[in-house]
Amino acid sequence: MRTITIARPDDWHLHLRDGEHLRAVLPDTARRFARAIVMPNLKPPVATTRLALEYRSRILAALPAGARFEPLMTLYLTDNTPPGEIAAARAGGMVHAVKYYPAGSTTHSDAGVTDIARCRGVLEAMEKHGMPLLVHGEVADPAVDPFDKERVFIETVLAPLVERHAGLKVVMEHITTREAAEFVKAAPPRVAATLTAHHLLLSRNALFAGGIRPHLYCLPVLKREIHRQALIQAAVSGNPKFFLGTDSAPHARHTKETDCGCAGIYTAHAGIELYAEAFAAAGALDRLEGFASRHGARFYGLPVNGETVTLEEAPWPVPAEIPFGADRLVPLRAGSTVAWKLR
Ligand code: DOR
Ligand code: ZN
């Protein structure tokens with residue numbers, strides 16, 4: 001049986017929700033990861049330092065007894081975020097990044113940014129304070145083909161933004177295309193990217209295998225196999241610009257199995273194990289530790305975790321459903337198996 005021991009990993013992109021949903025999903029992440037960058041797309045959005053600190057307290061209160069887990073908070077960027085908010089966020093020490101959702105691009109993004117040119121002052125403050133901008137890299141324009149939204153965003157928004165703000169740290173979140181991997185690789189060292197396990201393991205074929213698969217619908221949507229191959233290459237390359245971000249995004253079963261289903265795939269129940277599968281399949285298990293436990297910490301200027309975790313190649317069954325407050329959710333691989341197990 002193959003095993004691998006790595007420094008305890010971190011999840012650099014995670015949705016934890018709130019209330020009973022937070023309490024349902026948080027143990028899955030806290031068991032695996034030492035820290036996570038927590039997305040601010042609640043209703044209402046976590047748009048101020050005060051709201052981020054309050055949300056952080058609710059996360060800490062929801063942790064199982066004895067858990068060692070640190071939530072790293074983010075602010076939700078709006079057209080009206082005052083530049084002064086960045087200094088306040090930095091001073092508090094708990095806010096580690098600002099999230100840019102193009103308005104209308106994804107779940108709870110309606111309060112997002114209508115035109116990034118309006119955020120010039122905030123972005124300048126972020127450059128000054130070394131505060132990273134985390135980007136949902138898709139144009140919201142409904143006229144653009146969903147499979148092209150990431151590429152068009154890079155060309156029309158992201159490339160000019162990275163050039164205009166020459167001191168801004170940027171993470172292109174959950175990249176899904178060869179074009180995105182190439183853009184990040186060619187950009188200055190202050191530009192990085194997170195990769196999800198589901199985009200490493202699945203192409204869009206899986207969305208339509210034998211019928212429509214609502215539990216494999218996420219944003220950015222799964223892409224062609226050639227893109228998945230490019231993402232694998234980036235993940236296993238050893239390039240420190242690429243690191244782990246699950247984008248685990250829980251939704252109640254009935255909100256996905258409906259005539260207008262929500263976007264999001266739940267992977268926190270196997271948050272590191274699924275990456276072990278992808279890296280093993282690529283013959284690159286030796287690159288997992290850099291990707292999962294080192295590169296992100298370096299980018300964010302945080303120490304690598306002292307503890308280790310051990311994974312073994314031993315299949316385990318994933319339940320058909322997981323309790324989600326008063327609801328249930330359907331995790332990735334529901335009713336099937338994951339090939340690697342956390343010891
Ligand atoms: O699939 C997604 N789900 N993509 C996002 O960008 C948001 C997320 C969510 O919050 O459910
Ligand atoms: Zn996300």
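1. Helices, of at least four residues, and strands, of at least two, are DSSP runs numbered from the N terminus. On that basis, P220 falls in the loop that joins α7 (197–201) to α8 (225–236). The model under discussion is predicted.

2. The peptide bond leading from L219 into P220 is cis, and its omega is near -5°.

3. Ligand 1 is located in the largest cavity. Its shell comprises 13 residues, of which R17, N41, T106, L219 and H251 come nearest. Sorted by class, this shell has seven polar, four nonpolar and two charged residues.

4. For T106, an N or O atom of the side chain is 2.9 Å from an oxygen atom of the ligand. For H15, the distance from a polar side-chain atom to a ligand oxygen is 3.3 Å.

5. H15 also belongs to the zinc site. The zinc ion (ligand 2) is coordinated at 2.1 Å by NE2 of H13, NE2 of H15 and OD of D247. The spacing of these donor residues in sequence is H-x1-H-x231-D. H13 is part of strand β2 (residues 11–14), whereas D247 is in the loop between β9 (242–244) and α9 (253–256), so the pair ties together parts that are 234 residues apart in sequence.

6. Two further backbone features deserve attention when the model is inspected. Most residues other than glycine have a negative phi, and most peptide bonds are trans. R17, by contrast, has a positive phi, near 60°. This residue is in the loop between β2 and α1 (19–32), and R17 is also among the residues that come nearest to ligand 1.

7. The other feature is a cis peptide bond from K43 to P44, with omega near -5°. P44 is situated in the loop between β3 (35–38) and α2 (49–62).

Note on methods:
Residues are numbered from 1 along each chain as its sequence is written. Chains are lettered from A and ligands numbered from 1 in the order in which they are written. This is a predicted model: local features need pLDDT of at least 70, side-chain atom pairs count only at pLDDT 80 or more; totals for chains, interfaces and linings use all residues. Side-chain values use heavy atoms; hydrogens and water are left out. A residue is near a molecule or strand if one of its heavy atoms lies within 4 Å of it. A polar contact is a pair of N or O atoms within 3.5 Å; within protein, one must be able to donate a hydrogen and the other to accept it, and residues adjacent in sequence count only if both atoms are side-chain atoms. On a 1 Å grid over the protein atoms alone, a cavity is a set of points where a 1.4 Å probe fits but cannot get out, and a pocket is an open set with protein on both sides within 12 Å along at least five of seven lines; lining residues have an atom within 4 Å of a point. A molecule sits in a cavity or pocket if more than half of its atoms lie within 2 Å of its grid points. Ala, Val, Leu, Ile, Met, Phe, Trp, Tyr, Cys and Pro count as nonpolar, Asp, Glu, Lys and Arg as charged, and the others, Gly among them, as polar. Donors are N, O and S atoms within 2.8 Å of the metal (3.2 Å for Na, K and Ca); water is not among the atoms, so sites may look incomplete.
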